[in-house]
Amino acid sequence: MALDELKAALPDYAKDLKLNLSAVIGNSDLPAQQLWGTVLSCAMATRSPAVLRELEPEAKANLSPEAYTAAKGAAAIMGMNNVYYRTLHLLSDKEYSGMRAGLRMNIIGTPGVEKLDFELWCFAVSAINGCGQCLDSHETVLRKAGVEREVIQAAIKVASVIQAVAATLDSEAVLAGI
């Protein structure tokens, strides 16, 4: 199982991450599509070969082909949007925010899966990429549609644990000269 492989790869000082992997993925209350779409999109957002290599097969096994593609699409589109909108937010000159973006974002309107699942995946990727404007935007859509805060919090937990595991494993690989 992918989680066991990831936990085994973590050093002893990251015991909390081992426990948290079990808690937020292994014992999640999220429906399978929400969970594994979040896992896959977040694994892609970390850019960690080790994390993606371990989690992708299980995500693929737990997602329909449409959901698998949409989760990857969430990571891709938010990779662009998080940079763009975070930059607009950080710029002192607010006139940029009033300018037309002119960037294609069609997948957000027609992701090929339940819109709220896609929004959740975009939200989780935005947490990893640190875009407050995107976090607020996707959280607003989710909450207006009746998604409970606990579901949104679960996605935040998945994102945070996957990001921490990725940073730890990638750092250890560098230290080991891999």
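Me: What makes the contact between the side chains of Asp 4 and Lys 7 a salt bridge?

Reply: Happy to start there, with the reminder that this is a predicted model. The N to O distance between the side chains of Asp 4 and Lys 7 is 3.7 Å. The cut-off for a Lys or Arg nitrogen and an Asp or Glu carboxyl oxygen is 4 Å, so this pair counts as a salt bridge. Both residues lie in helix H1 (residues 2-9), three residues apart, about one turn of the helix.

Me: Why is Asp 4 called partly exposed?

Reply: Its relative accessibility is 42%. Partly exposed is the class between buried, under 20%, and exposed, over 50%, so Asp 4 belongs there.

Me: How many salt bridges does a search of the whole structure find?

Reply: The search finds two. Besides Asp 4 with Lys 7, there is a salt bridge between Lys 115 and Glu 119.

Me: How do you know that Lys 115 and Glu 119 form a salt bridge?

Reply: Their closest N and O atoms are 2.7 Å apart. That value is within 4 Å, so the pair qualifies. Lys 115 and Glu 119 are four residues apart in helix H7, which means a separation of about one helical turn.

Me: Are Lys 115 and Glu 119 buried or partly exposed?

Reply: Lys 115 has 33% relative accessibility and counts as partly exposed. Glu 119 has 3%, which is under 20%, so Glu 119 counts as buried.

Me: Which residues does the UniProt annotation "active site" cover?

Reply: The annotation, from an unreviewed entry, covers Cys 131 and Cys 134. Cys 131 is found in the loop between helix H7 (115-129) and helix H8 (132-144), whereas the place of Cys 134 is in helix H8.

Me: Why are Cys 131 and Cys 134 called buried?

Reply: Cys 131 has a relative accessible area of 0%, and Cys 134 is at 5%.

Me: Where is Asn 82, and what makes it buried?

Reply: Asn 82 is found in helix H5 (residues 65-90). Its relative accessibility is 0%. With the limit for buried at under 20%, Asn 82 is therefore buried. Among its contacts are Val 125, Cys 131 and Cys 134.

Me: How do you know that the side chain of Asn 82 makes polar contacts with the side chains of Ser 126 and Asn 129?

Reply: The distance is 3.0 Å for Ser 126 and 2.8 Å for Asn 129. The distance limit for a polar contact is 3.5 Å. The Ser 126 pair is within it, and so is the Asn 129 pair.

Me: How many aromatic pairs does the structure hold?

Reply: The structure holds one. Tyr 84 and Tyr 85 form this pair, with 5.0 Å centre to centre and 90° between the planes.

Me: What sits over the ring of Tyr 68?

Reply: That is the charged end of Lys 60, 5.1 Å from the ring centre. The distance limit is 6 Å, so the value falls within it.

Me: What makes Arg 47 exposed, and where is its place?

Reply: Arg 47 has a relative accessible area of 66%. Exposed means over 50%, so Arg 47 qualifies. Its place is in the loop between helix H3 (32-46) and helix H4 (49-62). Arg 47 also has a positive phi of about 65° although it is not a glycine.

Me: Why is Leu 30 called buried?

Reply: Leu 30 has 10% relative accessibility, which is under 20%, so Leu 30 counts as buried. Leu 30 lies in the loop between helix H2 (15-26) and H3. Leaving aside residues up to four places away in sequence, Leu 30 touches Leu 35, Val 151 and Ala 154.

Key: Residues are numbered from 1 along each chain as its sequence is written. This is a predicted model: local features need pLDDT of at least 70, side-chain atom pairs count only at pLDDT 80 or more; totals for chains, interfaces and linings use all residues. Side-chain values use heavy atoms; hydrogens and water are left out. UniProt positions are given in the numbering used here, feature names are shortened, and annotations may be inferred rather than shown by experiment. Helices (H or I, at least four residues) and strands (E, at least two) are DSSP runs, numbered from the N terminus. Buried means under 20% relative accessible area, exposed over 50%, partly exposed in between (1.4 Å probe, protein chains only). A polar contact is a pair of N or O atoms within 3.5 Å; within protein, one must be able to donate a hydrogen and the other to accept it, and residues adjacent in sequence count only if both atoms are side-chain atoms. Contact means heavy atoms within 4.5 Å. Rings of Phe, Tyr and Trp (its six-membered ring) pair if their centres lie within 6.5 Å; planes under 30 degrees apart count as stacked, over 60 as edge-to-face and the rest as tilted. A charge sits over a ring if NZ of Lys or CZ of Arg is within 6 Å of the ring centre and within 35 degrees of the ring normal.
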